[in-house]
Amino acid sequence: MLNLNYSNYEIIIVNDGSTDDTKAIAESMVGYHKGTVSQIKISLINKVNGGKSTALNAGIKYSDAEFVLCMDGDSQLSPDSLRFAVRHFKDAKIGAVAGNVKVVNRKKLLTDLQALEYIEGLNMARSAQSYLRAVNIIPGPIGLFRKKAIVDAGYYSRDTFAEDADLTLKILAADWNIYYEPRAISFTEAPSKLQQLLKQRYRWTRGIIQSIRKHKKLLINPTISFRNTAILWSMFYEALIWPTMNIAAHLFFIIAALFFGFSSLIIFWWIGLAILDFISALYCIITEKEESRLLPYTIVYRMFFILVIDICKAMSTIEEFLGIRMTWGKLERTGV
Amino acid sequence: MINEDKISKILFLIREDHTNGYSQIPQKHYLGRILWSGLVSVLLLMVIIYTLPKTILSVSSLLEYSIIVSLVLFLMILLFRYFTILFMAYLYFNEYTFLTDNNYSPFVSIIVPVFNEGKVLK
């Protein structure tokens, strides 16, 4: 983070009651350090454990800057990320800029599939939403905010499992615009085991549903803000309707193929989907200048990966609606 | 290395305005909904079973029709979703500018929350 091609920034580390040697390591970093362009001040806040949202709120409240960049402790920013993201704030209506998250621990089937998902499924959708200046989730690994927008939104909340989605919706509800900057890149470690991945998606889905429910007034009343109603419906569709439809369609078509002689039709249907994914992935890989070796994964991506993720989403949706209590769970980082 | 001369310790209180944890929804409320929707589905199924012999459709042709209609509907929704996203992403890239203003560099705080991440922080 000292290598950013930007002159005017500081780093505030918020130690959220760590029980290992994090405090000592963070303390050894406090002070002024030589950055690429200027001297960079590193400060440390030690607080009792209260979760990521309280840690971020502590850092935001401590900061005197007009803009704050919120990230995850295990993410790495690309040198130009800040320079490219900050320029959008010349537009006074922009309240936040969502960055581009890339998977750093690739070369494994599961992490490669997630790399493809981040490019095709998440970043492409963010580009589309950015055209309307209404990105619906500012990713945890990189989000640059106008501090006033966070204050207007009432800071990060602790009442959902997806504090980044919730804050984004609150910023949009406060009538700010949100843009996506593909060159503001943050590298993050993706789960390398299926169980970890399912835990992560389980938490994301429940968090998104909780965030949607918090803003249900906007969902059902387009007269408050038509843009925000459209955003919430698209989130509702992606989180609830689409996974259910996808699972039901797969089950239905498998039964139709096995018992009613529709196997050739179903095969064509799957091939059609794979081609569609291939074209879409190709477009995203070209626009993002990504690795072309990810392209063949599109076949596995549609047939298995998305289906597994959708089953996980459906299960978490049911559990959320039944009000089953869940724990946070934490991804074991290898420090790639 | 710690720069002792440049460090000042400040003690400040952060007011926590938010509730601890998240609200749980009463299970009975949703179980009731599930039971009601199940009951409605069973009723619909019974209506189909009862009225089907009175129409020109047979069970197998009904299944064939429903498979084809579902397939087409599913593909239409999928294609609409894909092409809407692709088209809007194309519009976004079309208006995207690569220009940066070197004179505009406001002060930014980077907030790094850490919990037992010393290994990664290092």
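I count a salt bridge when a side-chain nitrogen of Lys or Arg is within 4 Å of a carboxyl oxygen of Asp or Glu. I found one between the side chains of A:Glu238 and B:Arg81, at 2.9 Å, N to O. Across the interface of chain A and chain B the rule gives 2 salt bridges.

Ground rules next. I am working on a predicted model, where local features need pLDDT of at least 70, side-chain atom pairs count only at pLDDT 80 or more, and totals for chains, interfaces and linings use all residues. Residues are numbered from 1 along each chain as its sequence is written, chains are lettered from A and ligands numbered from 1 in the order written, and side-chain values use heavy atoms, without hydrogens and water.

**Interface**

I looked up contacts, meaning heavy atoms within 4.5 Å. On chain A, 116 residues touch 71 residues of chain B. I took buried area as the accessible area (1.4 Å probe) that two parts lose on being put together, summed over both. The two chains bury about 8300 Å² between them, 66% of it on carbon and sulfur atoms.

I also looked up polar contacts: N or O pairs within 3.5 Å, one atom able to donate a hydrogen and the other to accept it, with sequence neighbours counted only if both atoms are side-chain atoms. Between chain A and chain B there are 30 such residue pairs, both residues at pLDDT 80 or more. Helix H2 (residues 52–62) gives the most to chain A's side, with 10 residues. Helices (H or I, at least four residues) and strands (E, at least two) are DSSP runs, numbered from the N terminus.

**Sheet**

I call two strands paired if DSSP finds at least two bridges between them. Strand E1 (9–16) of chain A and strand E1 (108–114) of chain B pair in the parallel sense over 7 bridges. A:Asn15 has B:Val114 as its bridge partner in E1(B).

I traced an open sheet of 9 strands with mixed pairing, in the order E2(A)-E3(A)-E1(A)-E1(B)-E4(A)-E7(A)-E6(A)-E8(A)-E5(A). E2 (31–34) and E5 (76–77) of chain A are at the edges, each with a single partner strand, so one side of each has no neighbour in the sheet. E5(A) runs antiparallel to E8(A) (177–188), joined by 2 bridges. There A:Gln76 stands opposite A:Phe187.

**Whole structure**

I searched all chains and got 23 salt bridges. One of them joins A:Lys102 and A:Glu288 at 2.8 Å, N to O. These two residues are 186 residues apart in the chain.
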